[in-house]
Amino acid sequence: MPNEPDAGRARRVTVDPQGPVLVEGPVEVVRDDGTVARSDRFMVAVCTCRRTRTPPWCDTSHRRRTKEGEPGRPRDDCEDTP
């Protein structure tokens, strides 16, 4: 929007090949159905793996889980959010 104070300022986008796309906020994401998701945070993580339970925002569901006390051993489930 041209009337917003930071309208001419470029937004920084950081792509993490192992995770989400990080975007300097505030951010509006237009979904496939035309609805808009807005975040006023200074930095947001946009999910690219589609495993998130909070679309379009990343909830770290893409990370491999390990059982406590067993470093490096993957868990069978990804239901927990850290």
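This is a short chat about a predicted model of one protein chain.

Me: How much of the chain is buried?
Reply: Of its 82 residues, 27% are buried.

Me: And the accessible surface, what does it come to, and what share is carbon and sulfur?
Reply: About 6,600 Å² for the chain, with 50% of that belonging to carbon and sulfur atoms.

Me: What fraction of contacts joins residues at least 24 apart?
Reply: 18%, counting contacts between residues at least 6 apart in sequence.

Me: Changing topic. Which residues form the nonpolar patch on the surface?
Reply: Leu-22, Phe-42 and Met-43, which together have about 290 Å² of accessible area.

Me: Where is Phe-42 placed?
Reply: Phe-42 lies in the loop that runs between strand S4 (36-39) and strand S5 (43-46).

Me: Is Phe-42 buried or exposed, and why?
Reply: Exposed, because its relative accessible area is 69% and the cut-off for exposed is over 50%.

Me: Now Glu-24. Which strand is Glu-24 in?
Reply: Strand S2, residues 21-24.

Me: What does Glu-24 touch, leaving out residues up to four places away in sequence?
Reply: Glu-24 touches Arg-9, Arg-11 and Arg-12, along with Phe-42 and Met-43. Phe-42 and Met-43 also belong to the nonpolar patch.

Me: Which side chain makes a polar contact with the side chain of Glu-24?
Reply: That of Arg-9, at 2.7 Å.

Terms used: Residues are numbered from 1 along each chain as its sequence is written. This is a predicted model: local features need pLDDT of at least 70, side-chain atom pairs count only at pLDDT 80 or more; totals for chains, interfaces and linings use all residues. Side-chain values use heavy atoms; hydrogens and water are left out. Patches are made of residues with over 30% relative accessible area and no salt bridge: like charges are joined within 9 Å, nonpolar side chains (Val, Leu, Ile, Met, Phe, Trp, Tyr) within 5 Å. Accessible areas come from the Shrake-Rupley method with a 1.4 Å probe; for residues, only the protein chains shown count as cover. A salt bridge is a side-chain nitrogen of Lys or Arg within 4 Å of a carboxyl oxygen of Asp or Glu. Helices (H or I, at least four residues) and strands (E, at least two) are DSSP runs, numbered from the N terminus. Buried means under 20% relative accessible area, exposed over 50%, partly exposed in between (1.4 Å probe, protein chains only). Contact means heavy atoms within 4.5 Å. A polar contact is a pair of N or O atoms within 3.5 Å; within protein, one must be able to donate a hydrogen and the other to accept it, and residues adjacent in sequence count only if both atoms are side-chain atoms.
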